[in-house]
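Here are my notes for someone opening this structure for the first time. Have the viewer at hand and click along as you read.

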Amino acid sequence: MNFLTIGHRGVMGIEPENTLRSFVAAERAGLDIIELDLHLSKDGALVVMHDAEVDRTTDGAGPITEKTLAELRALDAGRGERVPTFEEVLDAVRSPLQAEIKDVAAARALAEVMRRRDLVTRVEVISFHDEALAEIARLVPGVRTALVASRYGLDVVERAVAVGATTLVLNIRRLTLEVVEHARKADLRIIGWVVNTQDHLRLVRALELDGATTDYPEIKRTGRFTA
């Protein structure tokens, strides 16, 4: 299998994260997959932002769930960019996507879009939350899912298998050969995140992972040559 490079919130190391500008830059840089985060607005729109609050990444303040789509649109998400909806991202780039969901409600909203736009082959759904992955798998037959984990042990493999995930996206700073071997026995793919340095890239290669999530497009170029 080819080694995959995944753009973290686009290319958040050089562009405003989770914006159309960042996603287009990731696609132009040749990253294989674009990762993004989904939340629901007060009026049920599926919007792209990492945090539950708008404070860090926009000029606004407060929870996303307390703002309508129109109110979110009025915010500056960096360099004049606006908070995009998921469907706007689908139309802005052609790359495969990794869509991270935070809860069951977002899973249900995403499932509706995936069924309507026939996205099973284009969108892989990822989450830290087992129940969200189980819900999207129930609602969208054939959907590909990945369990994300920052602090984890060997049990992360059993958790992934239990919800039908085929991939683990794991914090590279905690990854061990023991976890990798355990995951391989369960036929799981493994993606390391966030891989922003040559040392982390060498570790990813040494552990023979399937890919790396990165903030910087340079990883795409150097990844081919790093042993």
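**Notes on a predicted model**

1. F128 has a relative accessible area of 30%, so it counts as partly exposed. W193 comes out as buried, with a relative accessible area of 18%; the cut-off for buried is under 20%.

2. Those two residues belong together. The count of aromatic pairs comes to one, and F128 and W193 form it, edge-to-face, with 6.2 Å centre to centre and 90 degrees between the planes. The pair links distant parts of the chain: F128 sits in the loop between β5 (123-127) and α5 (130-139), while W193 belongs to strand β8 (residues 189-193), 65 residues apart.

3. Now look at S127, which is in strand β5. Is S127 buried or exposed? With 0% relative accessibility, S127 is buried. Its side chain reaches the backbone nitrogen of H129 at 3.0 Å. Setting aside neighbours within four places in sequence, S127 is in contact with E100, I101, A132, L133, A146, L147 and V148.

4. On to the nonpolar interior. As a general point, nonpolar side chains tend to be buried together in soluble globular proteins. Here the largest nonpolar core has 55 residues, and F86 and L110 touch the most other members. Helix α4 (residues 104-117) gives the most to this core, with six residues. A second, separate core has ten residues, among them L4, I126, V169 and I191.

5. F86 deserves a click of its own. Not counting residues up to four places away in sequence, F86 touches L36, L38, L46, V48, L97, A99, L110, V113, L119 and V123.

6. Which residues of helix α1 (residues 20-28) are buried? They are S22, F23 and A26. Viewed down the axis of α1, its buried residues fall within an arc of 100 degrees, so they line one face of the helix. Among the elements that cover them are β2 (33-40), β3 (46-48) and α3 (86-92). Just after α1, G30 takes a positive phi of about 85 degrees.

7. One last stop, at a charge and a ring. R205 lies over the face of F3, at 3.9 Å from the ring centre.

Technical notes:
Residues numbered from 1 in each chain as written. Predicted model: local features only at pLDDT ≥ 70, side-chain atom pairs only at ≥ 80, totals over all residues. Heavy atoms only, no water. Phe/Tyr/Trp six-rings, centres within 6.5 Å; stacked < 30°, edge-to-face > 60°. Helix = DSSP H or I, 4+ residues; strand = E, 2+ residues; numbered from the N terminus. Buried < 20%, exposed > 50% of the residue type's maximum accessible area, 1.4 Å probe, protein only. Lys NZ or Arg CZ within 6 Å of the ring centre and 35° of its normal. Core = buried A, V, L, I, M, F, W, Y, C linked by side-chain atoms within 4.5 Å. Contact = heavy atoms within 4.5 Å. Arc of directions from axis to C-beta. Polar contact = N/O pair within 3.5 Å; in protein donor to acceptor, adjacent residues only side chain to side chain.
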